[in-house]
Amino acid sequence: TQLATGHRHQQDAVLLMSCLHYGEIVDDEATMGLGGYDLDRAAARWQYTVDASIDLARNHHSGENIDTLWVVDLGDNISGTIHDELTITNARTLAEQIVEGAALLAAGVRDLAASFRRVVFVGTVGNHGRFEKKPYFKDKFNTADWVIYKFLETLLADQRNVSFVIPRSPWVTADIRGHEFFFAHGDAIRMFLQFPWYDTARLIAQMTQLLVGQGKKAPRYWGFGHYHNATVSQLAHGEHLFTGSFKGSDEYSLNRLRAGG
């Protein structure tokens with residue numbers, strides 16, 4: 001049943017997600033049980049995210065009129081082949097990751113569309129879906145993520161209450177209920193001691209200057225992924241938000257960073 005719309009506080013909700021890494025295998029035994037991931041867990045965790053989002057809106061914010069759900073996917077939907085070890089251990093080829101990953105996302109978005117009057121899907125590209133190992137800047141949208149979003153748009157063409165924003169740029173801004181948001185995967189932010197606090201502040205300052213200088217609004221909320229650590233930090237004007245990852249801890253994070261995701 002669609003969520004009730006008769007309450008007085010009309011609002012939008014934002015589901016910020018990143019780093020599904022569909023197709024990647026994280027060996028439970030190789031991580032001594034501290035990590036573990038496969039196709040079944042990718043599907044289960046995405047479904048849990050969908051179900052939890054519906055539950056939050058229906059049962060925990062039932063006094064509000066949540067009109068529109070923004071599903072913002074910041075990329076790295078697949079494991080990809082940019083690292084040699086992934087090519088060896090992935091459960092699926094690159095082509096299979098794209099097709100199956102799009103079908104998995106489509107099923108979840110269709111569930112969400114049944115519970116909200118309107119769903120806006122926004123998709124930016126990450127780094128794991130690159131078709132070349134070396135990073136590039138021309139045609140940065142030319143990744144598996146962008147193909148997945150276009151597949152998703154086709155798969156949900158008959159879902160009339162779902163619309164899509166699929167930019168060719170590596171970032172996108174959106175006006176959500178009068179609040180300006182900025183979304184990007186986050187791979188352009190430089191790490192410092194495992195988390196990019198300093199360069200995030202620099203990016204926000206520099207991008208604000210660039211946007212305002214071109215007559216655009218200054219973003220209030222900044223959404224990033226890539227670093228697999230969920231955190232929210234207050235700014236003088238708004239917040240920046242980093243997502244976690246669906247796969248959690250893996251061999252790299254545990255052995256190189258000595259950290260879970």
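T231 is buried, at a relative accessible area of 18% (buried means under 20% relative accessible area, exposed over 50% and partly exposed in between, with a 1.4 Å probe and protein chains only). This is a predicted model, in which local features need pLDDT of at least 70, side-chain atom pairs count only at pLDDT 80 or more, and totals for chains, interfaces and linings use all residues. Residues are numbered from 1 along each chain as its sequence is written, and side-chain values use heavy atoms, leaving out hydrogens and water.

**T231 and F242**

- T231 sits in strand 8 (residues 231-235), while F242 belongs to strand 9 (residues 238-242); helices (H or I, at least four residues) and strands (E, at least two) are DSSP runs, numbered from the N terminus.
- Like to know what T231 touches? Leaving out residues up to four places away in sequence, its partners are F195, W197, H240, L241 and F242, where contact means heavy atoms within 4.5 Å.
- F242 is buried too, at 4% relative accessibility.
- Beyond four places in sequence, the contacts of F242 include I189, F195, P196 and T231.
- F242 and H228 are 14 residues apart in sequence, and their C-alpha atoms are 7.9 Å apart in space.

**Helix 1**

- The 22 residues of helix 1 (residues 39-60) should span 32 Å at 1.5 Å a residue, and its end C-alpha atoms are 30 Å apart, which agrees; the expected span is 1.5 Å times one less than the number of residues.
- Its buried residues are L39, A42, W46, T49, V50, S53, I54 and A57.
- Seen down the helix axis, these buried residues fall within an arc of 120°, so they line one face of helix 1; the arc is that of the directions from the axis to the C-beta atoms.
- On the other side of helix 1, you will find D40, Y48 and H60 exposed.
- The buried residues of helix 1 pack against strand 1 (10-17), strand 2 (65-73) and helix 3 (94-113).

- S62 is in the loop between helix 1 and strand 2.
- With 41% relative accessibility, S62 counts as partly exposed.
- S62 and K150 are 88 residues apart in sequence and 33 Å apart in space, C-alpha to C-alpha.
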